[in-house]
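Biologist: I am new to this structure and would like to learn how to read its sheets. Please show it to me, then start with the terms.

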Amino acid sequence: MDMATRNFLYRIEVRNKGSGGPRIEALQADVRALSMGTLRSARQIALYFVEGEIAPEEMNLLGLFLFSDPVEQEFRWEVVGQGRSEAIDAGGARTGDFGGAAAAEIVSLAPAEIAGAGASSPRVVEICRKPGVTDPVAIEIVRAAQELGVKGLKRAATGVRWELEADWLDEQSVARITKMLLANPVIERWEFGEIRPVFPQESARPVPVETYDIAAMDDAALIALSAERRLALDLEEMCAIRTWFAGAGRAATDVELEMIAQTWSEHCVHKTFKADVEVRGELWQKDAAAGAAGKLENAAQPHSPYPPVVHGIFSTYIKKTTEEIAAPWVRSAFVDNAGIVSFDGQWDISFKVETHNHPSAIEPFGGANTGVGGVIRDIMGVSARPIAVMDILCFGPPDMPEEELPQGSLHPRMIARGVVAGVEDYGNKMGIPTVNGAIHFHPGYAANPLVYCGCVGLAPAGVHHHEPKAGDRVIVLGGRTGRDGIRGATFSSMRMDGSTGDVAGASVQIGDPIVQKRTLDVLLAARDAGLYDAVTDCGAGGLSSAVGEMASELGADIELEKIGTKYPGLAPWEIWLSEAQERMVLAVPEVSVGAFAELCSRFGSEFWDIGSFRGDGRLVIRMRGEVVLDLPMEFVHKGIPQKRLVAEAPVKNRGQTTSLPKGAPQKVKKRGLTPFFKNVSCERIVRRYDYEVQGGTVVKPFAGPEGDAPQDAAVLKPQGTGGAWGIALSNALRPDYAEIDPYRAAWAVVDEAVRNAVAVGSDPERIAILDNFCMGDPNDPAVMWALLESARGLRDAALAFGTPIISGKDSFYNEYLGPDGRRHAVPPSLLVSALGFVPDVSKAVTSFLKSPGDSIWLVGRFEPSFLDKDAAGAEADLGAVPGVDPGAQVVYKALFEAMQAGEVAAAHDLSEGGLTLALAEMCMGGRKGADIVLPPSQEPAGRAMKECAASPLGLHGMVRDLLLFGESAGCLLVEVRAGQDEAFGRHFGEEQAFRIGAVSQMPVMRIHDGDSEILSVSISDMLKAWKDSAGEVLP
Amino acid sequence: MKALVLKAPGTNRDYDVAEAIEYAGGTTVLLPLSELRERPALLLDYGMLVIPGGFSYGDALGAGKLLALDFECFFAEAVMRFVEEKRPVLGICNGFQALIKTGILPGAPFERHTFTLAQNARGNFECRWVRLRASTSNSIWTRGIEGFSCPVAHGEGRFASSLPNVVESLRVAGCIALEYANERGEPAQGSYPDNPNGSIGDIAGICNSDGNVLGLMPHPENAVFPWQSASMPGWAEDGALRLFRNGIEYARS
């Protein structure tokens, strides 16, 4: 039989010669964590499928050169399905022969070994991607096979086979393990036994455009239409559409409806931030109390800080703040895809943080992966080279029992593992260092994980163009368009429920960072050659959003059939809305198209010329000549009705005045030193990110003599820039504060982000910040109240610190409606990210202790309080969020001066765990001991002492714990070089800085209260607790 | 003398290594693989070939494998001539993986397909600083260097072989250029994290028996400027810079 002339599907198995391995151990640990029992053994086998006219010797060639690593792996192949009965006479076996292999170890496995007959036969489950899900490896197989001369190979797919062994395993438990740990039904399908790949249906038949006579619909029909097409538009918005089409006197096409829904989605138009917000209830009480306490002076008002109606949170609290601060170094705020500053006049630094929460909830790897990819494109969209990535991740507790999981949610362990792998994959492969981030756990994040992804870019000043001209060609560059990520913009503007994973399957995107890397290479070369008039990225809403925004003034003519697709058969609206990744849209003058094409071929990138900009503000889209959309951009962008929302404080927050929670210190007393180690080393996660690529990481996520001391912020010396300057990156997020008091929480996060940047040597007068709000359903007045309070706190704090807000993003509906009817919302989550200017990177400061004999100082207004529910106990749900001293900026400036004078050897902020944890981290990082005396607390903690005195523990015990572990804003511990105490002290005003001790010779951390030693821990004991418990806490 | 820095789809430390070579006194040209593919003879215009780190072809089917396939299919002849003429070749990380998978490293007398850089013993990509010890070898790149520190950043860097007594054979052939070391500069003896990936014989870098081709997993190009090691007290030595200077001097001679 001549195999080479017939088309077959081939199956290739590649297995490691050895057994076990880290992936297997991780699976065994996860199965134990699910209380299912112990897996005796497990094996993971890679599966590949290739289809085409392929000769047996070609299969062997593929097996040896492409699929296996001959040193550690062995492979076998066979014909699947119809071809099975036609035994291949190649070496006498049905399985492929391995002749021609250079290494002797390649052996054929007898089929029986794999089928697993016999007493200890393993349970087998095989997993493949669903058709249409991006598979970069499959694409490479087809390309590489051609290169190898295997011309008959037409298409390929990948999969994985698991062989599990344990006496207790049955079909049900294997299914459970598969669903919980091995496969994600949103993008994968699985079978017990052998699986066959399914390729996308190649129907070349044109998909018709549907039309809706919307003018004839009544309100009920409009609501039904919005639901049926998942438009996520409310009645008022649907009515506005009806009015327009009634005026136009024609029916609406599906392309038109989908584009309007996308443009008007919360995700794209931010209607909540622009809404008129009616403020109800007694909002002023709490604030008056803060005023009475003598703090937050510039915020405290004797009456409500709000007018009866707030006309747009964004313009009132955010945009206005940046305008008032009027920092001369801000180049662009809230206009472009990213905020842009220029610290030195020669280089523009762009900064953007995005969230990718909903996609990460249902497909953690792909969601986080494309979250990173998306924010990198935001930076590419301002013509900049991405130079750093940051990620702040919020998960449910990793030890959450399965029965407490919101129904239909993935387990936090699986979410965390997928998200971390997704971040790792994209940043590492694009060659952008991941230098800063954080991980937060909270039960409110179990069904709604938050994935904040940030990116920083660098460009020569003034090279970014964003004005398309009439007649410019509309060019799509990068990846092909497919059915992936359809309706992502509207999907992220809806609350999720138990079925979201099923119906939202198409909104999942899978990234291909290498395609984006090539796109970046082309883009930067095109920028330097001046080949485009404007560029933007394709994110949520796909081409509809990208072209829609770019053509918002000019309009455009688009020919949909010219857009390169992954497979035929896409409906016109799917092409227009697809959120397929790795695409950029450029406005290229006709004369430059040839040069642009040459660049694309040089870097191996694809592009499509899909139309031109008009000039009359009309967008006209055709599919093979037929008009499928014809709308004035004015209506698309400005036709949305003004939204009205209501804000009202929930009962628990009305008139809150507590400054110290009742009973808090007892709890801490009982726990002894444990709060101390609530923080664990994040090395096992952070090291999976390449933080060194691009060679500019000065202050690394981990530094110090043992390379394991975490730092408050990253400092970068961007590659290719001259001079001594650099930038600092930091972040702060305190959902635990915000649950109690969102106004003070906003102050606290601005302070902490700024303080972290200052700790590494940033100039406090040149720090820009970003805001990212993640909240629940804005139609809930309590959610709106928290948003309003957060935004007001953000504004007051930004004004106090003089930090312009240069970009931001909001994400709502981070809420999950369980099948039980319960709503699971995230705690109000305001992330503040800071971008600081470090005038001289050789003066950057790290957090670990350096030299015995140096002094240890406490700077800032030290007035610790307890707040977290852990410490305060479940009954005390109103703790006290530490108030920020509005004068903290003065302290930061003094510290900066001392750093520039070379007096500071180390600095570290006081945060979770208070003074003691901060000191412990400095000791551990430097492998040095310290000896300090507890400082006195300042007012108004003195007032709190009266409350302490009334407690059963008595004044002394309570105050001591408060000083040790209480949290306070505005403070840092500073190691001052020997002999510099006097000079250092001179930078500070009265009561702003105290020398509290010294770095010691002994590797022990000692804390004294007056003359008596109250705490003494060896550095090695601390390190053990800090590092060893990481495995239990982190996924 | 100009060094060719080859940029495959997915290469990402091309600028890093180019900056390091320029800082060390050399001149570099970044060339996309597509151009070398059209005119392989271009290679012979250069005095040095550098294959930088990154994720060529996204590490699909194994790190460096598809880049190695490109070498064989498109410019095997030019590369073999370049190597045989004893011009200096440096493969870092992904470049090392490609050199191993083409069989250029360790090269004769060792048979191809008997060495690999497999998944790290701990199963993950890992970024950390390591200490390296320059062993006695034929490498022109490590002449006069005792050791140095620099970062590793890889998921597939565990040097492995199917041959028996291979560490000894490589040593005898003068092919072990760099070993992972502890803080006293002694071989790490397989202990994590000094040996970050579980490589046999603590092997971090390999040269051919002629000594002109060096492949290594760690990134010396990220440890040449003073700020790169500023927050790592006790880790900075100038060996990483000298490695590039050695290559440049050798290429000029």
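Modeller: Two strands count as paired if DSSP finds at least two bridges between them. Strands (E, at least two residues) and helices (H or I, at least four) are DSSP runs, numbered from the N terminus. This is a predicted model, in which local features need pLDDT of at least 70, side-chain atom pairs count only at pLDDT 80 or more, and totals for chains, interfaces and linings use all residues. Residues are numbered from 1 along each chain as its sequence is written, chains are lettered from A in the order in which they are written, and side-chain values use heavy atoms, leaving out hydrogens and water.

Biologist: Which residue in β40(A) is the bridge partner of A:A930?

Modeller: That partner is A:V999. Strand β38 (residues 929-933) runs antiparallel to β40 (residues 993-1000) in chain A, with 4 bridges. In β41(A), A:A930 has A:M1005 as its bridge partner; β38(A) and β41(A) (residues 1004-1009) are parallel and joined by 4 bridges.

Biologist: In what order do the strands of the open sheet with mixed pairing stand?

Modeller: The order is β10-β9-β25 in chain A. β10 (309-311) and β25 (644-648) of chain A are at the edges with a single partner strand each, so one side of each has no neighbour in the sheet. β9 (residues 276-280) and β25 of chain A are parallel, with 5 bridges, and A:R280 has A:E648 as its partner in β25(A).

Biologist: Which helix packs on this sheet, touching β9, β10 and β25 of chain A?

Modeller: Helix α27(A) (residues 781-801) does, where contact means heavy atoms within 4.5 Å.

Key. Axes fitted to C-alpha atoms, helices over the stretch in contact; angles between N-to-C directions.
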